[in-house]
Amino acid sequence: MIHAIELTLLTLIAVACWIGCIGMLRMHTPTQALHYLALPAGIASALLPFAVFCATGWSMATAKAVLIALFLSATNSVVAHATARAFRVRRHGHWKPEPNDRIEFLGGSSMQ
Amino acid sequence: MSPWLIAAYAVGACLVPCAFMCLRGSPEHRLAGLEMTSTIVAILLALMTVGLNRLVFMDLPLTVAVLTLGSGLVFARFLEKHL
């Protein structure tokens, strides 16, 4: 039973990483691609400590896997926000929205 | 073969689309690919640590996970101001 759970968790980790990579590759704009960072950093890293626990029990490796999951989940949002902000500053020269800025929507339309 | 090593190979294969993303396109696309690569590498090292039964090396993916924040912020700042 534990082995089956471990295999399931490992499969889900690999699938989450693959979906994140393929999704990132398929997106047209880099800001859209940034959203797919959440799959490996959020889902795969959250499943990792459970898989390590199934393999080794409660050990130092499990504790470190929990720390890895916490670090990746907590810092992913910070890095993604900082990167998206850098994209906007690089493109528009400023960060704060201004009245003449074009606001992009997912449907491809825009509003001034 | 251990299922952990099979999972490590599967996750390691994710580095191919990451490399494809890092090596083409605009600098923004490359930075997004680089950040995905560092996250994938942290998970890959954790899988390899358990798969190769070297649990003391779990410090290595932990270090990579911590450094992901710093490297992402540094590259984002560099891209914003200087590149």
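Student: Which residues touch the most other members of the largest nonpolar core?
Tutor: A:Ile13, A:Leu48, B:Val11 and B:Ile43, in a core of 57 residues. This is a predicted model, in which local features need pLDDT of at least 70, side-chain atom pairs count only at pLDDT 80 or more, and totals for chains, interfaces and linings use all residues. A nonpolar core here is a set of buried Ala, Val, Leu, Ile, Met, Phe, Trp, Tyr and Cys residues joined through C-beta atoms within 7 Å. Buried means 20 or more other C-beta atoms within 10 Å of a residue's own, exposed means 12 or fewer, and partly exposed is in between, with C-beta atoms placed from the backbone.

Student: Which helices each supply at least two residues of this core?
Tutor: From chain A, H1 (2-26), H2 (30-35), H3 (38-56) and H4 (60-92). From chain B, H1, H2, H3 and H4. H3(B) gives the most, with 13 residues. Helices (H or I, at least four residues) and strands (E, at least two) are DSSP runs, numbered from the N terminus.

Student: And the numbering and lettering?
Tutor: Residues are numbered from 1 along each chain as its sequence is written, while chains are lettered from A and ligands numbered from 1 in the order in which they are written.

Student: What does B:Ile43 touch?
Tutor: Leaving out residues up to four places away in sequence, B:Ile43 touches A:Ile13, A:Cys17, A:Pro40, A:Ala44, A:Ser45, A:Leu48 and B:Val11. Contact means C-beta atoms, placed from the backbone, within 7 Å.

Student: Back to H3(B). Why call it largely enclosed?
Tutor: 21 of its 25 residues are buried, so the rest of the structure largely encloses H3(B).

Student: What follows H3(B)?
Tutor: B:Asn53, with a positive phi near 60°. B:Asn53 sits in the loop between H3 and H4 of chain B. That phi is positive in a residue other than glycine. Most residues other than glycine have a negative phi.

Student: Is B:Asn53 buried or exposed?
Tutor: Exposed, with 11 other C-beta atoms within 10 Å.

Student: New topic. How many residues of chain B are in contact with chain A?
Tutor: 38 residues of chain B, against 40 residues of chain A. On the chain B side, H1 (3-12), H2 (15-22), H3 (27-51) and H4 (59-81) each give two or more residues. H4(B) has the largest share, 13 residues. The chain B side divides into 28 nonpolar, 5 polar and 5 charged. Ala, Val, Leu, Ile, Met, Phe, Trp, Tyr, Cys and Pro count as nonpolar, Asp, Glu, Lys and Arg as charged, and the others, Gly among them, as polar.

Student: What about chain B overall?
Tutor: Chain B has 4 helices and 0 strands. Its C-alpha trace spans about 45 × 25 × 10 Å along the principal axes. Of its 83 residues, 46% count as buried.

Student: What confidence scores does the complex get?
Tutor: An ipTM of 0.90 and a pTM of 0.88. Chain B averages a pLDDT of 91, and 100% of its residues score at least 70. pLDDT is the predictor's confidence in each residue, from 0 to 100. Chain A averages 87, with 91% of residues at 70 or above.

Student: Where is confidence lowest in chain A?
Tutor: In strand E2 (residues 110-111), at a mean of 50. Where pLDDT is low, the predicted coordinates should not be read in detail.

Note on methods: Two residues are in contact if their C-beta atoms, placed from the backbone, lie within 7 Å.
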